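Dear colleague,

I am passing on the structure that we talked about, and below it you will find my notes on what turned up when I went through it. Please read them with the model open beside you.

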Amino acid sequence: MQNSTRKKGFLDLGAKNVIFLDFLKFKEKTPKEFLDYIYDEYCPEIISCGYNFRFGKDASGDTGILSDFCKSKNIELSVKSPVTVDGVPLSSTYIRNLIANGQTDKANELIFGGFSVTSAVLHGDKRGRELGFPTVNQLYPAEMVKPKFGVYAAKMIIDGKTYNCISNIGLRPTFETKDVTIESYIFDFCGDIYGKEVTLKPIKFIRPERKFDSAEELVSAIKKDIITAKELLCI
C-alpha cells in the first residue's frame with residue numbers, strides 16, 4: 001500500500017499525525033540503536049505493536065527486548081494478540097498474497113477503506129478509443145504489491161466522486177507493453193482528466209489477461225467483461 005494511502009487511513013481513524021521511517025536508514029541498526037533513536041527523537045509515552053513484532057538488524061529485536069526497554073524508560077507497552085481469519089493469523093503477508101492471487105474482494109474486507117491504487121492519468125496510445133472503449137491509463141506504482149494480472153470489476157474515484165468501471169491491470173499482452181499498467185473503461189464518465197491523480201479500487205477479479213489474435217476478438221471480450229462487471233457491481 002502506498003504511504004499516502006496508509007497515512008490517510010490512519011488519519012481517518014483519528015491519528016493526529018503519521019510518520020513513516022525509512023527502512024533503508026534503519027536496517028543496519030541494532031535493536032538498541034533503533035529503540036534509542038525512537039526514544040530520543042519522539043519520547044513516546046506508549047508503544048503499541050503486534051505479538052510477532054521484529055525490529056533491528058536481521059530482525060533480531062522482539063517484544064521481549066522491547067518490553068525491557070519500555071520498563072527502563074517508563075513507557076507503556078501494548079502488545080496486540082493475533083487476529084485470525086479462517087484460522088490463519090491476519091498479517092500484511094496474508095493480505096498481499098490475497099491481492100497477488102486476484103482475491104481483491106476478500107482483501108477489501110480486511111483493509112481499512114479497501115485495496116486501492118492512486119496514480120496520475122497518462123496519455124495512452126488511443127487504442128481503446130479506436131475500439132470504441134476510451135480508457136483511463138495509469139502506471140501501476142512499482143512499490144506496491146502486484147495483483148493477479150487481468151480484468152477486474154472496479155470503481156474509479158475522480159475528484160471525490162466514485163464511478164463504476166472495468167480495469168485491466170498487467171502488461172497488455174495483445175500490445176506487448178513493458179510496464180505494468182492500469183487501463184480502465186469508465187461506464188458513466190466523460191471528461192478530460194489527463195495529469196490528474198485518480199484512485200482505482202479493484203472490486204472483483206473477472207478473468208486473467210490474455211493475448212487476442214484480432215481487434216474484433218478483443219472487442220468481443222471487452223463487451224462480455226462489461227456485462228460481467230455490471231452484474232458484479234450490481235448496476
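Strand β9 is mostly covered, since 6 of its 6 residues are buried, where buried means under 20% relative accessible area, exposed over 50% and partly exposed in between, with a 1.4 Å probe and protein chains only. Helices (H or I, at least four residues) and strands (E, at least two) are DSSP runs, numbered from the N terminus. This is a predicted model, in which local features need pLDDT of at least 70 and side-chain atom pairs count only at pLDDT 80 or more, while totals for chains, interfaces and linings use all residues. Residues are numbered from 1 along each chain as its sequence is written, and side-chain values use heavy atoms, with hydrogens and water left out.

In a regular strand the side chains alternate between the two faces of the sheet. In β9, Thr181, Glu183 and Tyr185 point one way and Ile182, Ser184 and Ile186 the other way, and all are buried. Two strands count as paired if DSSP finds at least two bridges between them. Strand β6 (residues 136-139) pairs with β9 in the antiparallel sense over 4 bridges, with Gln138 standing opposite Ile182. The pairing of β8 with β9 is also antiparallel and runs over 6 bridges, and there Cys165 has Ile186 as its bridge partner.

Next comes the nonpolar core, a term for a set of buried Ala, Val, Leu, Ile, Met, Phe, Trp, Tyr and Cys residues joined through side-chain atoms within 4.5 Å. The largest one has 28 residues, of which Tyr140 and Met156 touch the most other members. The elements that give two or more residues to this core are α5 (92-100), β5 (117-122), β7 (150-158), β8 (161-170), β9 (181-186) and β10 (197-208). Apart from it lies another core, of 13 residues, among them Tyr185, Leu218, Val219 and Ile222. Leaving aside neighbours within four places in sequence, the contacts of Tyr140 (heavy atoms within 4.5 Å) include Phe115, Ile169, Thr181 and Ile182.

Thr104 belongs to helix α6 (residues 104-110) and is buried, with a relative accessible area of 0%. Beyond four places in sequence, Thr104 is in contact with residues including Tyr152 and Phe205.

As for aromatic pairs, the rings of Phe, Tyr and Trp (its six-membered ring) pair if their centres lie within 6.5 Å, with planes under 30 degrees apart counted as stacked, over 60 as edge-to-face and the rest as tilted. The whole structure holds 10 such pairs. Tyr152 and Phe205 form an edge-to-face pair, 5.2 Å centre to centre and with 75 degrees between the planes. Because Tyr152 lies in strand β7 and Phe205 in strand β10, this pair ties together parts that are 53 residues apart in sequence. Tyr152 is buried at 0% relative accessibility, and Phe205 is buried at 18%.

Finally, the cysteines: the structure holds 0 disulfides, a disulfide being a pair of cysteine sulfur atoms within 2.5 Å. The sulfur of Cys70 is 8.1 Å from the closest cysteine sulfur, in Cys49, and is therefore too far for a bond; Cys70 is buried, with a relative accessible area of 1%. For Cys234 the closest cysteine sulfur is that of Cys165, at 15 Å, which is too far for a bond, and Cys234 counts as exposed at 68% relative accessibility.

With best wishes
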